[in-house]
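Hi,

Here is the structure I promised to pass on. Have a look at it, and then read my notes below.

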Amino acid sequence: MKEIRQTARERMKGFCRVCPVCDGRACAGEVPGMGGIGTGGAFTANVAALARRRLNMRVLHNVADPRTDLELLGKKLRLPVLAAPIGGVSFNMGGAISEDAYIEAVLSGCVAAGTLGCVGDGVPDFIHEAGYAAIESLAGAGIPFIKPWEAAEWQLKVDKALAAGADIIGMDVDAAGLITLKLMGRPVSPKPADALRCIIENLPVKFILKGIMTPDEARLAVDAGAHAIVVSNHGGRVLDHTPGTAEVLPDIAAAVKGRIAILADGGVRSGADVLKMLALGADAVMIGRPISVAAIGGGKAGVETYLKQIASELQSAMVLTGTRDCAAASERILHT
């Protein structure tokens, strides 16, 4: 990973410093780029919220070989980690490699590690086109996230995603406030529950709603028929001053756990962070920026190497907390 990160640092110069600790401090306000919007407070809150959580170490037990595998939305995964949807290599990451090469590295690296990657959406169109081409080349092994466009553009992207072989589709509704898209003549907007229900009823595949940060909206997602939610503030890139996702996750889990699959992203940097998110109520997590760094710095092998490191750290943390499998993670393993 040291060599991969060094290569990424050179290739992403001026866009990402590949800091020893990716906490959003050095890149605050750098959007486009890899930073958080405005003060960067929402990005740093994600990292800080997880850092405040502590794990109870327990070693008087018989958990010597914990299981990190799980089934999520009908998919069998070797670890509870997916690559978050991130695109825009040319204007966010320095453009040292193409969008096609980047997203192929993310998705194929995830498949090699036994999990799934997600692909993003946006303007220009080559962002989603590269993602869908990679999904098709991997026989549908990837999850496209589509922005909350108006009806015609939403349906166009859905049709393309289905043609590529996707059997799960997401909407990153947390992108609803991107004014830049409106200025480009490609408006996005929030989705009320009745409109969301209509969208889901007309989809022939499972649906993930990304950008849930309150229990009431989690309940609305359940009522609308979503199969999963992602507790996410869009990496701190759309609204300044939000809480970290680890702060709001327990209340959201208390409201809807068992009724819908819960994923969470934001500030996950290690296997121990993954375990913390599971203990707070997530069924699985998404990781964004560190996987982008791994893809830029090492391609498919970089992503696979990073995910293997996360898997090793996760298994070690599970042994040292007496957590036999992902479902067994609970607040019992967190120090209060």
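C16 is buried at a relative accessible area of 14% (buried means under 20%, exposed over 50%, partly exposed in between, with a 1.4 Å probe and protein chains only). C326 is in no disulfide either, with the nearest cysteine sulfur, that of C110, 16 Å away. C326 also counts as buried, at 10% relative accessibility.

Before the rest, some housekeeping: this is a predicted model, so local features need pLDDT of at least 70 and side-chain atom pairs count only at pLDDT 80 or more, while totals for chains, interfaces and linings use all residues. Residues are numbered from 1 along each chain as its sequence is written, and side-chain values use heavy atoms, with hydrogens and water left out.

Eight strands form an open sheet in the order 4-11-10-9-8-7-6-5, with parallel pairing. Strand 4 (81-83) and strand 5 (118-119) are at the edges with a single partner strand each, so one side of each has no neighbour in the sheet. (Strands are DSSP runs of E, at least two residues, numbered from the N terminus; two of them pair if DSSP finds at least two bridges between them.)

Further in, strand 7 (residues 168-172) and strand 8 (residues 206-212) pair in the parallel sense over five bridges, and I169 stands opposite F207 in strand 8.

Cheers

Technical notes. Helices (H or I, at least four residues) and strands (E, at least two) are DSSP runs, numbered from the N terminus. A disulfide is a pair of cysteine sulfur atoms within 2.5 Å.
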